[in-house]
Amino acid sequence: MMEFESTAQLVFYGLLVLLGILGNILVLVTILAMTVENNGLAASDIILANLAAVNLLISIFRNFLLFITESKVKILLSVNWCRVFMFLWVWLKAVSMWVTFCLSCFHFLKIKQHFHLSTKTKEIMYVLAILFLVWVVNFLYAIPAYTYSWTASGNETKILMVVSTTMEPFLGCVWNFPTEESGTTYAVFSLIFHEFIPIIFMVCTNLSTVYYLHKHITAIADEQLRTVQVEKVAVKLIMALVTLFVLCSGTHLLAVSYYNHNGGSATAFLLILADYCATIFIGFSPLLIAAGHSKLRHKVCKTLHIKMF
């Protein structure tokens with residue numbers, strides 16, 4: 001298995017996992033408190049809540065377990081539990097990718113077209129319908145992870161990798177496709193559809209958002225100074241978010257593709273790097289987005305008794 005080379009690295013990874021759990025819980029609790037106070041929830045907050053929820057589940061069901069196993073605690077799952085966990089890992093990772101893109105796309109529509117429906121209720125219904133579709137479609141996509149997973153026999157020389165970033169079977173679970181070709185096809189499809197395509201979409205959407213924000217800032221610069229400052233902050237946060245996203249997804253795509261098709265000397269380093277990047281993204285992305293959300297930011301600061309200047 002991929003091993004952290006020192007205790008310091010393991011502790012640092014553990015702190016990142018803890019940040020992912022606590023940070024996403026904080027965002028969810030804050031959004032819940034805002035919902036109770038305002039007797040309702042904005043469409044963007046619903047997307048943010050979904051992102052925080054799915055990343056919290058990934059932190060608990062994968063990253064925390066990876067930290068435990070890297071702490072030399074040996075955990076081997078039965079066949080049925082392997083199927084459940086493999087299904088969860090594939091499903092949650094795919095949902096996290098597409099919900100992140102949904103948030104980016106929603107913000108882009110707001111900026112470019114001043115997108116709005118006739119009522120707030122209709123806007124919320126559209127967002128809920130899209131998110132429901134994201135969860136259901138990726139649920140169906142993850143079914144092969146339940147069907148074609150098994151426990152390791154111990155004789156494997158190399159295992160197929162899709163979402164895992166460990167060189168040995170994580171928790172003793174491996175893929176068990178009928179043929180090598182079908183397994184490779186599923187892995188390639190997964191990496192393209194849930195890694196490469198979201199990266200391209202996310203980069204294009206966020207760069208377009210920055211472009212239209214810049215045009216808007218230039219147009220009102222002499223009239224609404226406060227609005228200009230707020231939107232400049234938004235530009236910086238969007239770029240930070242897309243950087244985190246590309247860092248996470250791009251590193252995972254590179255590491256898994258390198259392992260599946262090459263498996264050279266750089267494999268261990270790339271897999272460790274992919275784990276770090278994924279954990280950083282899960283821990284920081286909801287907090288980063290919340291920092292650009294004025295109501296959410298003020299609520300978090302109030303909850304934590306942080307004075308706003």
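Colleague: What should I keep in mind about the numbers?

Modeller: This is a predicted model, where local features need pLDDT of at least 70, side-chain atom pairs count only at pLDDT 80 or more, and totals for chains, interfaces and linings use all residues. Residues are numbered from 1 along each chain as its sequence is written, and side-chain values use heavy atoms, with hydrogens and water left out.

Colleague: What makes Cys-82 and Cys-173 a disulfide?

Modeller: A disulfide is a pair of cysteine sulfur atoms within 2.5 Å. Cys-82 and Cys-173 have their sulfurs 2.0 Å apart. By this rule the count is one disulfide.

Colleague: Why is the disulfide of Cys-82 and Cys-173 called left-handed?

Modeller: The torsion about its S-S bond is about -85°, so the disulfide is left-handed.

Colleague: Which parts does the Cys-82 and Cys-173 pair tie together?

Modeller: Cys-82 lies in helix H3 (residues 79-113) and Cys-173 in strand S2 (residues 173-175), so the pair links parts 91 residues apart in sequence. Helices (H or I, at least four residues) and strands (E, at least two) are DSSP runs, numbered from the N terminus.

Colleague: How do you know whether Cys-102 is buried or exposed?

Modeller: Buried means under 20% relative accessible area, exposed over 50%, partly exposed in between (1.4 Å probe, protein chains only). Cys-102 has 14%, so Cys-102 is buried. Cys-105 has 26%, so Cys-105 is partly exposed. Cys-82 and Cys-173 are both buried.

Colleague: How many helices and strands does the protein chain have?

Modeller: Nine helices and two strands. Along the sequence, the pattern is α-α-α-α-α-β-β-α-α-α-α. Of the 309 residues, 47% count as buried.

Colleague: Which residues make the nonpolar surface patch?

Modeller: Phe-132, Val-136, Phe-139, Leu-140 and Ile-143 make a patch of about 450 Å². Patch residues have over 30% relative accessible area and no salt bridge; like charges are joined within 9 Å, nonpolar side chains (Val, Leu, Ile, Met, Phe, Trp, Tyr) within 5 Å. A salt bridge is a side-chain nitrogen of Lys or Arg within 4 Å of a carboxyl oxygen of Asp or Glu. Areas come from the Shrake-Rupley method with a 1.4 Å probe; for residues, only the protein chains shown count as cover.

Colleague: Why is Phe-132 called exposed?

Modeller: Phe-132 has a relative accessible area of 58%, so Phe-132 is exposed. Phe-132 is found in helix H4. Helix H4 (residues 120-141) gives the largest share of the patch, four residues.
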